[in-house]
Amino acid sequence: MPMTLDQYAEFLTTRDLVWPAPPTPQPVKAKPHLSALDGIRVVAWNIYGTLLSISTGNLVLQHPTKLIMEVALDKTVQEFKMWGSMSRKPGQPSEYMGQLYQRALDQLRLAASPGEKFPEILTEKIWDDIVKKLQQKDYKFDAGFFGGIGDFVKKIAFFFHASMQGTALFPGGATALQHIQSCGVKQGLLAEAQCFTLAQLGRAMAADRAGTVDDIFDRALRSLSCEVGGRKPSERLFKHFLAAAGRQGIEPVQVLHIGSRIIEDIAPAKKLGMRHRAVRGRQRILAGDPDQLKDAATRPDLLLTDLSQLTDVIGPS
């Protein structure tokens with residue numbers, strides 16, 4: 001029986017592998033602005049940069065540091081035994097794999113996305129393209145362990161990104177999640193995500209004893225870019241979440257969206273009538289244009305400097 005993605009993520013923790021560390025939390029040079037909210041029935045979480053701490057602040061398809069990108073590619077080639085089906089031209093495995101990765105990524109960026117200004121690129125499609133090219137040179141993988149090619153490429157994507165960017169729950173995250181749950185308020189996800197994001201989130205929550213993804217987050221209230229097809233600030237992502245909430249009799253004003261970026265998180269939520277809070281996890285994520293913090297269209301209702309401060313914002317429903 002092939003492993004699920006969650007099982008594969010757990011399996012990797014049993015091996016003697018070296019992973020990049022998540023960023024060290026830095027003191028926030030800002031004063032929190034808090035007040036209790038009434039009538040909130042759902043908290044809609046952004047993931048990367050808000051709930052999950054990650055190097056560079058957000059999930060990236062290509063790491064801005066060349067060496068880190070090369071190391072992640074090289075580790076992936078070795079882990080999945082790809083070198084035997086790759087070019088024997090002079091150079092490092094990461095160099096040739098980098099070329100295959102860039103071509104596949106470029107093709108997806110050029111692909112048509114009707115009606116969506118901010119399309120999501122699926123990481124598993126990058127690796128699907130690469131694996132199929134390698135299969136032309138007799139590349140084989142253990143389908144009994146990894147599953148079919150659709151499942152296999154998702155596991156490659158998980159491994160590659162785990163090798164490129166370290167993740168962990170932000171300080172105060174476990175406290176916030178458990179407090180909101182104890183208040184009887186639903187929790188959902190409104191976020192940019194890839195096929196492996198929930199596995200990453202689950203591992204981080206387990207490390208902090210914050211519960212499981214399925215115990216904390218309502219399955220019907222998950223609007224993820226990899227499933228919806230649009231990235232923030234696409235209104236498609238937000239409207240998808242609000243439609244799901246509406247089917248449970250929840251109005252936009254009863255939804256609290258917690259994000260860390262003004263244009264991507266705060267502005268669309270405010271436009272569509274949701275309540276909104278900004279988490280200033282790192283100075284550069286929220287800062288941007290200072291005028292945006294004064295503009296009524298983009299100014300967050302409240303400012304959190306630590307997720308645990310949600311205990312002062314949300315009470316029993």
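Biologist: Where is Pro233 found?

Modeller: Pro233 sits in the loop between α10 (225-228) and α11 (235-246). Keep in mind that this is a predicted model.

Biologist: And what kind of peptide bond joins Lys232 and Pro233?

Modeller: A cis one, with omega about 10°. In general, most peptide bonds are trans.

Biologist: OK, on to phi. What is the phi of Asp138 near?

Modeller: Near 70°, which is positive in a residue other than glycine. Asp138 lies in the loop between α4 (123-135) and α5 (143-146).

Biologist: Is Asp138 buried or exposed?

Modeller: Exposed, because its relative accessible area is 60% and the cut-off for exposed is over 50%.

Biologist: What about Arg209, what's its phi?

Modeller: Arg209 has a phi of about 55°, positive although it is not a glycine. You'll find Arg209 in the loop between α8 (197-207) and α9 (213-216). Arg209 counts as exposed, at 74% relative accessibility.

Biologist: Switching to the inside: which residues touch the most other members of the largest nonpolar core?

Modeller: That core has 76 residues, and Trp45, Met82, Tyr101, Trp127, Phe217 and Leu310 touch the most other members. Helix α6 (residues 149-164) gives the largest share of this core, 8 residues.

Biologist: What does Leu310 touch?

Modeller: Leaving out residues up to four places away in sequence, Leu310 touches Trp45, Ala176, His179, Ile180, Leu256, Ile258 and Leu304.

Key: Residues numbered from 1 in each chain as written. Predicted model: local features only at pLDDT ≥ 70, side-chain atom pairs only at ≥ 80, totals over all residues. Heavy atoms only, no water. Core = buried A, V, L, I, M, F, W, Y, C linked by side-chain atoms within 4.5 Å. Buried < 20%, exposed > 50% of the residue type's maximum accessible area, 1.4 Å probe, protein only. Helix = DSSP H or I, 4+ residues; strand = E, 2+ residues; numbered from the N terminus. Contact = heavy atoms within 4.5 Å.
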